[in-house]
Amino acid sequence: MAMEFLSRCASSSSSPCFAFFNVHLQHTISCRATVKSQVLAWNSPVVGFGRSTSLGTDGRGRIWGCSCGTNRGLLLRQLWRYHSSLSSASGMSSVCYRYVFKWKKYAVNFRRVRNAMEKFRHRFSVQLARVMVCVMLVMSVSSTFEDSPSWALTEENLLFLEAWRTIDRAYIDKNFNGQSWFRYRENALRNEPMNTREETYTAIKKMLATLDDPFTRFLEPEKFKSLQSGTQGALTGVGLSIGYRTAVDGPAGLLVVSAAPGGPAERAGITSGDVILAIDDITTESMGIYDAAERLQGPKGSSVQLTVQSGPSVKHLDLVREKVAINPVKSRICELPGSGENSSKIGYIKLTSFNQKASGAVKEAIDSLRSNRVNAFVLDLRDNSGGLFPEGVEIAKIWLDKGVIVYICDSSGVRDIYDSDGSSTIAASEPLAVLVNKGTASASEILAGALKDNKRAVLFGEPTYGKGKIQSVFKLSDGSGLAVTVARYETPAHINIDKVGVIPDRPLPASFPKDGDGFCSCFEDPASACNVNRVQLFSR
């Protein structure tokens with residue numbers, strides 16, 4: 001190994017002399033390295049390897065020692081030994097090296113060298129500082145845009161960002177329909193007009209449209225209030241639940257999932273499976289279900305015109321909107337033929353929606369029917385289009401003493417499990433039959449799937465609607481809101497029912513009635529076309 005040192009040697013000459021010392025290691029392996037060190041006068045302090053050391057004339061007890069003769073020969077001795085542990089075939093051994101120094105003398109102007117070094121160091125420091133400032137500026141700008149601080153944005157921009165963040169955190173598809181969600185935000189803030197509240201609402205709707213998810217939607221303040229009132233048990237409209245058609249054949253339009261009992265639509269003869277072709281002469285061929293729902297609702301006493309296809313016939317109906325009180329539960333007792341103790345009673349429960357009152361109303365119905373000594377239950381979920389997901393889970397707990405109710409899944413798989421531990425169970429022993437049809441959707445399908453897969457009930461009817469996704473509602477700061485698809489679900493048997501539905505165990509007769517009175521008549525009259533005996537109803 002060789003090292004070069006620029007050093008000054010004292011001499012009788014008035015001009016200082018400097019020398020480069022080539023330090024050679026007497027070893028078979030050699031390399032060359034240039035070591036830049038401050039040039040020091042003889043007997044001056046020197047900073048070496050983290051400590052200050054003074055060189056004496058004798059060189060003893062110091063890091064380096066040197067002597068200058070009259071012939072200007074300089075001998076620089078290394079007063080320490082460099083020890084290194086080397087691995088060899090025989091093991092570890094300590095090897096000691098001595099350094100022999102040779103030198104060549106150069107007459108140079110030390111002041112010029114020092115000035116050049118100082119100038120280089122100054123310029124290098126300035127350039128390095130400039131580079132660091134530029135890097136910090138770029139990082140600051142990037143962070144500023146990334147976090148979108150309020151001082152740089154308008155109130156309209158902040159509302160848009162609030163909606164964007166809600167989707168970013170809650171939406172089920174983290175690929176966001178194959179697009180860069182962050183890049184969309186940047187482009188929207190640069191290019192979308194957001195000078196008024198209406199322009200901001202339009203920008204939010206345009207953003208949600210890129211997800212291609214009809215169930216993820218924006219709700220203006222009035223629509224958000226209307227949605228809340230619907231889950232609380234009252235709406236002003238015609239009493240229809242609508243959905244998208246799942247069949248590719250047939251007329252284009254929106255499917256009637258169910259008609260509220262006693263509502264304007266039911267009184268006009270609209271039933272589950274009918275197709276709404278137009279609302280107020282506006283075709284529904286490309287209309288979204290939530291746009292249609294808004295058109296069906298309105299002030300009490302106002303009218304709405306519907307064009308409905310029911311089977312092969314097309315009807316033009318003029319309906320008057322009214323406040324539809326959504327009482328989620330109706331019940332009655334059906335007495336089967338028999339006498340005395342041999343007669344049996346069946347408790348019939350019709351559940352029409354999953355609003356905030358649903359689970360409590362079901363418990364009340366069970367208690368009331370039990371007080372009349374019923375020994376079996378029928379839960380009718382036909383034409384129940386769903387509602388609040390938590391209510392569906394709570395009603396399942398009423399009937400199940402243990403078992404999984406539903407698996408909540410996202411793009412990575414199962415993320416949550418809802419099950420019953422028996423703490424809310426009040427009817428786990430009596431025989432139970434569940435009635436479903438193509439109007440049974442959403443939370444109704446969660447309940448039906450849980451009771452079927454846990455073998456708690458026998459399902460009768462036809463395949464359900466097949467809505468296997470869950471939405472949550474988020475309120476924004478200005479009173480508007482977002483309904484966001486946050487998950488999909490699987491039944492306890494890990495069946496994804498989206499666009500497929502829950503398959504019943506047995507069909508029902510085509511003429512089987514949908515109301516409680518008609519249901520009971522099918523048991524009471526053995527000669528009726530819809531007659532089903534108790535054994536058929538509760539056995540697998």
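Predicted model: local features only at pLDDT ≥ 70, side-chain atom pairs only at ≥ 80, totals over all residues.

Q: Why are helix 9 and helix 10 called roughly parallel to each other?
A: The axes of helix 9 and helix 10 (residues 443-453) cross at roughly 25° and come within 9 Å. Angles under 35 degrees count as roughly parallel, and helix 9 and helix 10 are therefore given that description. Their crossing is right-handed.

Q: Which residues meet where helix 9 and helix 10 come together?
A: From helix 9, F389, G392, I395, A396 and W399 meet I446, L447 and L451 in helix 10. The residues of this contact divide into seven nonpolar, one polar and no charged. Gly counts as polar.

Q: Why is helix 9 described as largely enclosed by the rest of the structure?
A: Buried means under 20% relative accessible area. Nine of the 11 residues of helix 9 (residues 389-399) are buried, so the helix is largely enclosed. The buried residues include F389, G392, I395, A396 and W399, which also meet helix 10. E391 and K397 are buried too.

Q: What makes helix 2 roughly parallel to helix 4?
A: Helix 2 (residues 155-170) and helix 4 (residues 197-209) pack at an angle of about 25°, and their axes lie 9 Å apart. With the cut-off at under 35 degrees, that makes the two helices roughly parallel. The crossing of helix 2 and helix 4 is right-handed.

Q: Which residues make the contact between helix 2 and helix 4?
A: Helix 2 contributes E155, E156, L159, F160, A163, W164 and I167, and helix 4 contributes R197, T200, Y201, A203, I204, M207 and L208. These residues divide into 10 nonpolar, one polar and three charged.

Key. Residues numbered from 1 in each chain as written. Heavy atoms only, no water. Buried < 20%, exposed > 50% of the residue type's maximum accessible area, 1.4 Å probe, protein only. Helix = DSSP H or I, 4+ residues; strand = E, 2+ residues; numbered from the N terminus. Axes fitted to C-alpha atoms, helices over the stretch in contact; angles between N-to-C directions. Parallel < 35°, antiparallel > 145°, perpendicular 65-115°, else oblique. Left-handed = near helix turned anticlockwise from the far one by under 90°. Contact = heavy atoms within 4.5 Å.
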